[in-house]
Amino acid sequence: MESSSFLNVDEQPISLEQVVKYLQISGKLGQFIGDILRQYVIDQELQTRVDIAISPAITEQAIIDFRLKNQLSEPKAFQEWLKNNGTDYETFHSTIAFNFKLEKLKAVVTENKLQEYFIERKIFLDRVVISRIIVDNRELAEELQAQIEEGASFEYLAKEYSLTDDRIVNGIMGPVSRGSMPDKLRAAVDIASPGEIIGPIELEERYGLFRVEQFLPASLTDTQLKQTLQNELFEKWLAEKIQKLTVKLQMK
């Protein structure tokens, strides 16, 4: 016996069993179940934890701010917006409150691990702005180095001789993650001062001269970076929780 109607399309009922079959055929069933399990774990945590309480006033103020920002201060206009977006006030209010609780949950779950995780990732989070001249033989690299030491313009030589596309912008590579650099280049950069020329360094059968422009060390005082790391840690925590669940797909 087929399961009851899950939704109707052109007045034709589509059962939950049909929905699952469609998802299987499209290869999206795993993602669908994964999303359900993710939400299930979050919901269980929000219901059972006592350290993520959110003041109702915060939710109310967020709704007021949203309405003012989107010119929905008039009740009629707000009700029309809710209808056009397929929701109602109760659901909208619940969504806003859920988002606040979720962010609080992320902060609580990751609080004790964030500093250690930041230190582990720091080599990839720290960035350096560098410029480069890349040529295909050591002799030319050494000649260019000598010219720079005698006062020649690094920018001019980059435009004239460098083999990389960034020669059109004077060889400036922009911010580069320390962790993505070849070991020998990173070792040289780490002990260099801004404005210092490094090289020639052999990299993948080419030779490079590098100038350190600026160091951009990562810090947890960077709100955006902190949020990114919290999200990464939270997803790891969620994955561990989901792996421990016993899941059975039952259609009838």
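Me: In this predicted model, what covers the buried residues of H6?

Reply: The model is predicted, not experimental. In H6, the buried residues are Leu114, Tyr117, Phe118 and Leu125. Their cover includes helix H5 (89-110), strand E3 (127-135) and helix H10 (223-243).

Me: Within what arc do the buried residues of H6 fall, seen down its axis?

Reply: Leu114, Tyr117, Phe118 and Leu125 are the buried residues in H6. They line one face of the helix, because seen down the axis they fall within an arc of 95°.

Me: Which exposed residues does H6 carry on the face turned away from its buried side?

Reply: The buried side holds Leu114, Tyr117, Phe118 and Leu125. The face turned away from that side carries exposed residues: Glu116, Ile119 and Glu120.

Me: How far apart are the end C-alpha atoms of helix H6?

Reply: Helix H6 runs over residues 114-125, which is twelve residues. A straight helix at 1.5 Å a residue would reach 16 Å. H6 falls short of that, with its end C-alpha atoms only 14 Å apart.

Me: What distance separates the C-alpha atoms of alanine 107 and leucine 233?

Reply: Alanine 107 lies in helix H5. It counts as partly exposed, at 28% relative accessibility. Alanine 107 and leucine 233 are 126 residues apart along the chain, yet their C-alpha atoms are separated by 9.9 Å.

Me: Is aspartate 126 buried or exposed, and with what relative accessible area?

Reply: Aspartate 126 sits in the loop between H6 and E3. Buried means under 20% relative accessible area. Aspartate 126 is therefore buried, at 8%.

Me: Which residues is aspartate 126 in contact with, leaving aside its neighbours within four places in sequence?

Reply: Aspartate 126 belongs to the loop between H6 and E3. With sequence neighbours within four places left aside, its contacts are Val176, Ser177, Arg178, Leu216, Pro217 and Ala218.

Me: How far apart are the closest N and O atoms in the salt bridge of glutamate 45 with arginine 49?

Reply: Glutamate 45 is buried, with a relative accessible area of 11%. Arginine 49 is partly exposed, at 27%. In their salt bridge, the closest N and O atoms are apart by 3.2 Å.

Me: Which residues are linked with Glu45 in a network of salt bridges?

Reply: Glutamate 45 forms a salt bridge with arginine 49. The network also takes in an aspartate and a lysine. Linked with Glu45 are Arg49, Asp51 and Lys241.

Me: Which helix holds both arginine 138 and glutamate 142?

Reply: The side chains of arginine 138 and glutamate 142 meet in a salt bridge, 3.9 Å from N to O. Arginine 138 is partly exposed at 32% relative accessibility, and glutamate 142 is partly exposed at 39%. The two are four residues apart, about one turn, in helix H7 (residues 138-149).

Me: By about how many turns of helix H9 are arginine 186 and aspartate 183 separated?

Reply: Arginine 186 is buried at 15% relative accessible area, whereas aspartate 183 counts as exposed at 56%. They are three residues apart in helix H9 (residues 183-190), so the separation is about one helical turn.

Me: What accessible area do Phe6, Leu7, Val9 and Leu16 have together?

Reply: These four residues form a nonpolar patch on the surface. Strand E1 (residues 5-9) supplies the largest share, three residues. Leucine 7, in strand E1, is partly exposed at 36%. Together, Phe6, Leu7, Val9 and Leu16 have about 330 Å².

Me: What omega does the peptide bond from glycine 199 to proline 200 have?

Reply: Most peptide bonds are trans. Proline 200 lies in strand E5 (residues 197-203). The bond from glycine 199 to proline 200 is cis, with omega near 5°.

Me: What is the phi of aspartate 10?

Reply: Aspartate 10 is in the loop between E1 and strand E2 (12-15). It is exposed, with a relative accessible area of 73%. Its phi is positive though the residue is not glycine: near 50°.

Me: In which loop is glutamate 204 found?

Reply: Glutamate 204 has a positive phi of about 50° although it is not a glycine. At 80% relative accessibility it counts as exposed. Its place is the loop between E5 and strand E6 (206-216).

Key
Residues numbered from 1 in each chain as written. Predicted model: local features only at pLDDT ≥ 70, side-chain atom pairs only at ≥ 80, totals over all residues. Heavy atoms only, no water. Buried < 20%, exposed > 50% of the residue type's maximum accessible area, 1.4 Å probe, protein only. Patch = residues over 30% accessible without salt bridge, like charges linked within 9 Å, V, L, I, M, F, W, Y side chains within 5 Å. Areas by Shrake-Rupley, 256 points an atom, 1.4 Å probe, with all protein chains shown as cover. Expected span 1.5 Å × (residues − 1). Arc of directions from axis to C-beta. Contact = heavy atoms within 4.5 Å.
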